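Please keep the sequence and the model in view while reading.

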Amino acid sequence: MPIKKASPEIVTLGSKLITSDKVISVMTETVYGLLANAESCEAVKKVYLLKKRPEINPLIIHVDSISMAKKYAVFNEDVLKLARNLWPGPLTLVLKSKENSNITPIAMAGLNTIALRIPDSKVFLEIINKSKKPIAAPSANKSGYITSTNASHVYDSFGEKVDLIIDSGQSKFGLESTILDLTNKPYNILRTGMYDKELIYKRTKLKIFKNRSHFNEKNPIAPGLLKKHYSPKTPLRLNANKPRKDEVFLAFGNQRKIKCGFNLSENADLNEAAYNLFDFLIRSDQLKKKKYQ
Ligand code: TXA
Ligand code: MG
């Protein structure tokens with residue numbers, strides 16, 4: 001069984017596995033990631049194969065400091081402001097990449113831009129620090145399926161094929177990071193997440209827009225924008241007020257009169273709902289999916 005509780009020994013083992021081009025899974029404050037040494041073509045390929053991820057879809061590269069990020073991307077004053085005020089945290093910055101970096105081109109899907117993030121996760125930061133490697137890490141789910149927010153979700157998706165799953169409980173936010181494209185002005189949100197443009201403005205005084213004109217199904221800039229994503233195996237009906245026969249009801253807010261499968265937040269708290277969303281979707285799917293396989 002590859003699931004091990006987080007401890008200093010397990011973190012050391014994790015960093016050794018990374019430097020030997022193995023794939024491991026670790027909790028971040030957003031969701032669980034599937035980690036590979038971003039300098040190793042072999043390790044990054046394993047991630048694409050495990051996830052069945054199309055190779056045109058680049059990965060986020062995780063670093064442990066701004067100085068490390070500067071090795072891989074061009075920083076200007078605005079980027080620095082965002083990084084200083086919002087990292088470590090649930091924010092990914094897409095920047096112009098530096099030429100001749102050691103990152104394997106397949107991690108960036110051959111693009112001349114790079115997505116960078118410093119995760120707010122002690123275990124993850126220690127693994128970067130000990131391995132001294134930039135780390136490519138997509139969310140630890142099969143491509144297109146619901147994102148993993150705890151260790152058993154990761155095990156359910158990949159079983160023994162991941163060498164180590166470090167269990168640090170459930171991810172604090174439960175949603176993937178907000179992605180900003182800073183390669184052109186006006187700056188643009190490519191994927192929404194826990195940090196919205198209001199929060200970003202408050203902390204940095206930088207204006208971010210949400211321009212979907214770049215959206216293109218065949219060549220997506222960020223697949224969070226694809227029509228089919230985070231998709232359970234069971235058919236899902238949105239905006240339902242009550243369940244029909246044979247449905248699991250995923251409720252929000254006070255629903256005492258209705259028999260719920262799960263309630264995302266009885267107090268209608270959006271943060272609590274985000275924390276529960278993927279876990280409850282996976283659990284609902286597990287209750288129902290047999291019928292649809
Ligand atoms: O919270 C997160 O961001 C998690 C944790 C593990 O850090 N990671 C994550 O990775 O969500 P993934 O692979 O599920 O989503 C990464 C997104 C994809 O939509 C990808 O297309 C986009 O980032 N991306 C990566 N590099 C990019 C680039 N150069 N330009 C635009 N989008 C990029
Ligand atoms: Mg994902």
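Contact here means heavy atoms within 4.5 Å. The model is a predicted one.

Two packed helices are described by the angle between their axes and the distance between the axes. Helix α1, residues 8-19, and helix α5, residues 122-131, pack with their axes 9 Å apart and at an angle of about 55°. That angle makes α1 oblique to α5. The crossing of α1 and α5 is right-handed. Which residues bring α1 and α5 together? From α1 come Val11, Thr12, Gly14, Ser15, Ile18 and Thr19, and they meet Val123, Glu126, Ile127, Lys130 and Ser131 of α5. Sorted by class, the residues of this contact of α1 with α5 are 4 nonpolar, 5 polar and 2 charged.

Setting aside residues up to four places away in sequence, leucine 125 touches Val63, Asp64, Ile118 and Pro119. Between leucine 125 and alanine 36 there are 14 Å from C-alpha to C-alpha, and the two are 89 residues apart in sequence. Isoleucine 128 counts as buried, because its relative accessibility is 1%. With neighbours within four places in sequence left aside, the contacts of isoleucine 128 are His62, Val63, Asp64, Met68, Lys133 and Ile135. Isoleucine 128 and leucine 270 are 142 residues apart along the chain, and their C-alpha atoms are separated by 32 Å.

A second pair of helices is formed by α4, residues 77-86, and α7, residues 197-204, which pack at an angle of about 100° with their axes 10 Å apart. The helices α4 and α7 are therefore roughly perpendicular to each other, since angles of 65 to 115 degrees count as such. On the side of α4, Lys81, Leu82, Asn85 and Leu86 take part, and they meet Leu199, Ile200, Arg203 and Thr204 in α7. The contact of α4 with α7 comprises 4 nonpolar, 2 polar and 2 charged residues.

Leucine 86 lies in helix α4 and is buried, with a relative accessible area of 1%. Not counting residues up to four places away in sequence, leucine 86 touches Leu91, Tyr195, Leu199, Ile200, Arg203 and Thr204. Leucine 86 and serine 284 are 198 residues apart in sequence, and in space 34 Å separate them, C-alpha to C-alpha.

Tryptophan 87 and proline 88 are joined by a cis peptide bond, for which omega is about -10°. Proline 88 is placed in the loop between α4 and β5 (91-96). A cis peptide bond also runs from lysine 185 to proline 186, with omega near -5°, and proline 186 is in the loop between β9 and β10 (188-191).

For alanine 109 phi is about 50°, and the residue sits in the loop between β5 and β6 (113-117). Are these residues buried or partly exposed? Aspartate 21 has a relative accessible area of 17% and is therefore buried, as buried means under 20%. Alanine 109, with a relative accessible area of 24%, is partly exposed.

Conventions
Residues numbered from 1 in each chain as written. Chains lettered and ligands numbered in written order. Predicted model: local features only at pLDDT ≥ 70, side-chain atom pairs only at ≥ 80, totals over all residues. Heavy atoms only, no water. Axes fitted to C-alpha atoms, helices over the stretch in contact; angles between N-to-C directions. Helix = DSSP H or I, 4+ residues; strand = E, 2+ residues; numbered from the N terminus. Parallel < 35°, antiparallel > 145°, perpendicular 65-115°, else oblique. Left-handed = near helix turned anticlockwise from the far one by under 90°. Nonpolar A, V, L, I, M, F, W, Y, C, P; charged D, E, K, R; others polar. Buried < 20%, exposed > 50% of the residue type's maximum accessible area, 1.4 Å probe, protein only.
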